[in-house]
Amino acid sequence: MRQILRIAGPFLMIVLVAIGFVQLDPLAVLRGNAPPVEKLTIELAQINQGELKLRLRAESSEAMSVAQVQVDGAYWKFEQTPPGPLSRLRTAWITMNYPWVQGESHHITVLTNTGATFDYAIDVAMSTPDPASSLGWFLGLIGLFVGMVPVTLGMLFFPALRAAGPGIMAFVLALTMGLLAYLFVDTLSEAQDLAEKSAETLSIRKVVWLVALVTAVGLFMIGRRLGAGSGNGRGPAMLACAIALGIGLHNFGEGLAIGGAFASGAVTLGSFLVIGFTLHNITEGIGIVAPLTDQRPDLLMLCGLSALAGLPAVLGLWVGVQAFSTHWAAIALAVGAGAILQVLIEVGLLIQRRYLDSAAPQPLSSLLVGGVLGLVLMYSTSLIVTV
Amino acid sequence: MNFPRINRRHLLGTGLVGSWLGLIGASASAALATSSDTPKGHSPHAAGSMMTVGDVDPASNGFDPHSILTDWDRGVTSVDSDGRTVREFLITAEDKEIEIAPGVLFSAWTYNGRVPGPTLRVTEGERLRIVFRNNGSMPHTMHFHGIHGASMDGLTGAGEVEPGGEFTYRFDAYPFGCHLYHCHSIPLKRHIHKGLYGGFIIDPDPDLHPDLDPQAIAIARSRQHGTPENAIWQEMVMVMNGFDTNFDDENEVYAVNTVAHAYAKQPIAIARDRPVRIYLINITEFDQINSFHLHANFFDYHDHGTTLAPTSRTIDTVMLCQGQRGIVEFSFAGFEPGRYMFHAHQSEFAELGWMGHFEVVA
């Protein structure tokens with residue numbers, strides 16, 4: 001009984017303090033008759049034939065009402081679903097019949113009942129693609145070339161890696177670390193970019209860091225439990241899987257970025273761009289098989305690794321061309337960043353175990369050069385494919 | 001309204017690299033050609049879609065744009081010791097939240113609780129007494145566009161009234177014409193765009209102009225409120241205004257007589273065979289000019305209304321700077337009955353609320 005009171009006591013006090021504060025309302029003197037500052041984020045736009053659809057998220061402390069909508073500086077009839085005032089963090093769709101023009105810009109201004117305005121720009125209007133259409137297949141193909149193909153091509157170096165001596169191997173593993181470090185930074189900054197576009201009140205920028213850390217620590221602990229770090233037979237395979245997963249999530253982000261840029265008309269998907277991505281991602285295949293050089297993985301496993309690392313790019317493209325929620329995409333990328341951070345640590349530990357603390361240590365210079373080369377390779381190939 | 005512009009450098013760069021087309025590039029263009037729907041320019045929906053959603057309830061707003069058209073404030077008259085007519089008005093400034101477009105509330109400063117304020121209609125030569133009470137939260141004035149002494153000018157230091165105070169403006173009604181009054185307290189832009197303005201119409205008195213020819217006398221009589229010659233005219237006042245709802249020094253809403261699209265949704269009824277006279281006043285803040293355009297017809301225009309003969313004949317668009325006003329006269333006699341549009345011929349203003357219809361009935 002006493003134990004229950006000890007626990008319930010603080011909670012009771014919290015409730016009493018809250019009730020007391022609300023009842024006494026000491027802040028009333030500060031309030032005056034100033035209206036609350038309104039905030040509204042237009043999260044995404046869907047463009048269908050003769051129709052514009054926007055998803056709004058209210059961010060004010062008090063409920064707000066959408067009164068009118070301007071499209072290109074003209075009041076336009078719209079429908080709101082669900083109708084009525086939007087309380088904090090609630091979303092609603094507004095739909096307008098609008099004769100938008102293919103390839104041109106359209107500007108939308110939402111007026112609330114207080115006259116506050118919130119703007120949204122469709123930079124280059126084009127129909128939001130349907131993944132079930134022929135465009136969906138085409139995007140799938142692009143996704144394969146961006147993800148699956150380079151990873152598989154990179155993995156073709158596997159026999160060469162196996163034949164190489166420990167010096168080359170150490171160099172390649174260091175290269176993998178550089179690659180992973182690049183991917184970590186790239187994924188995290190991509191996640192932050194998306195977080196920037198999300199509703200401010202959701203604080204997605206913080207969430208991205210937290211999700212990345214929790215993912216990294218969680219995967220690290222699971223990996224330890226399953227023996228990824230141990231020198232036994234399962235360790236390297238686990239590590240290769242973990243690298244493939246991290247790279248897969250990164251490639252999902254890459255697909256997302258390409259799809260989004262394509263849908264907004266910011267990029268033309270020319271062959272050169274796609275080949276650029278293929279080149280950019282070849283190093284990833286090498287990274288995945290690098291821990292496996294003293295193993296005898298079967299073809300099925302190699303195919304599985306390549307699918308794990310490559311196929312998410314297809315998914316990313318399909319999602320990216322849709323009107324997608326930037327906050328969910330940011331969180332998905334944060335998971336990817338966390339996964340990459342985990343394998344970065346694991347590969348680091350592997351290098352330490354094999355080539356630094358071992359009886360026959362490799363020269364530090366070759367490890368450093370390998371690591372920096374991995375970074376430089378990824379960065380320089382990324383320049384041709386910035387979307 | 002500032003909108004972010006698309007980054008052309010990215011477009012250019014990716015366009016250049018993308019021009020090297022191979023197998024995938026070719027299939028890309030094929031896929032695009034089939035999937036991108038080119039929207040129809042004029043779907044049947046689109047025509048009536050460019051409109052504010054909903055209606056403003058005049059009862060809850062406290063004023064009706066349709067009544068404002070014709071509800072001349074004639075004040076109270078008496079005769080002074082010299083035998084001259086004295087016309088007295090009582091105007092009260094008050095803060096009031098008004099609905100300027102359906103669902104859009106605006107914290108206005110008003111004369112007599114309405115925007116535009118009452119249309120004061122007097123006759124040339126009358127002695128005017130305008131008792132101005134300020135029940136608002138800021139100092140205000142009434143600055144009349146007319147002829148008066150410096151102390152009656154309605155400026156800071158000349159008839160400015162502190163909250164709770166009162167002042168009586170005294171001057172004679174000259175010259176005849178279509179005029180206006182507005183608050184001239186500073187900052188001026190804000191005191192005007194918050195809603196402190198109204199029409200001030202001085203009807204010509206032919207007795208004060210003995211040298212007029214019979215035709216001019218007839219015109220003057222037709223402009224004199226209450227005469228039989230005036231009764232056949234369909235007169236109305238249109239105050240062109242705008243509202244900056246988000247304080248970015250640009251108007252989000254444009255209208256005549258405040259409520260966006262009020263006359264588009266409920267057209268102004270016009271008897272086809274009687275002439276129409278519009279007292280047109282521009283008090284739009286932030287924009288350099290406003291304009292009036294009549295569809296399918298032409299009108300005569302008297303700039304400032306200070307002449308009996310038109311200053312422009314047979315025009316269908318007239319341009320006014322802020323504070324400029326005039327009299328528009330036209331007739332639909334013999335026209336096909338139906339809806340005739342009128343609007344600012346700045347498409348921007350028209351699309352943001354300054355558009356209406358005359359419903360011409362035979």
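In the predicted model, chain A contains an open sheet of four strands, arranged in the order β1-β2-β6-β5 with antiparallel pairing. Strands β1 (40–48) and β5 of chain A lie at the edges and have a single partner strand each, so one side of each is left without a neighbour in the sheet. Ignoring direction, neighbouring strands of this sheet are turned against each other by 25° on average. Strands of a sheet pair through backbone hydrogen bonds, in either the parallel or the antiparallel sense.

Within this sheet, strand β2 (residues 51–58) of chain A is joined to strand β6 (residues 91–97) of chain A by seven bridges, and the two run antiparallel. In this pairing A:L54 stands opposite A:I94 of β6(A). Strand β6(A) also pairs with strand β5 (residues 79–81) of chain A, in the antiparallel sense and over three bridges. Here A:I94 is the bridge partner of A:Q80, while A:E79 stands opposite A:T95 in β6(A).

Chain B has 10 helices and 21 strands. Of its 362 residues, 43% count as buried. Among contacts in chain B between residues at least 6 apart in sequence, 68% join residues at least 24 apart.

Helix α7 (residues 214–223) of chain B has as its buried residues B:I219, B:A220, B:S222 and B:R223. These residues lie on the same side of α7(B), because they cover an arc of only 160° around the axis. An α-helix has 3.6 residues a turn, so residues three or four places apart point the same way. The buried residues of α7(B) pack against β10 (197–203) and α8 (228–231) of chain B.

Chain B has a mean pLDDT of 88, with 87% of its residues reaching 70 or more. Over residues 1–47 of chain B, pLDDT stays under 50, and the model has 74 contacts beyond four places in sequence for this stretch. Where pLDDT is low, the predicted coordinates should not be read in detail. For the complex, the predictor gives an ipTM of 0.77 and a pTM of 0.76.

Methods. Residues numbered from 1 in each chain as written. Chains lettered and ligands numbered in written order. Predicted model: local features only at pLDDT ≥ 70, side-chain atom pairs only at ≥ 80, totals over all residues. Pairing = 2+ DSSP bridges. Buried ≥ 20, exposed ≤ 12 C-beta atoms within 10 Å, placed from the backbone. Contact = placed C-beta atoms within 7 Å. Arc of directions from axis to C-beta. pLDDT = per-residue confidence, 0-100. Axes fitted to C-alpha atoms, helices over the stretch in contact; angles between N-to-C directions.
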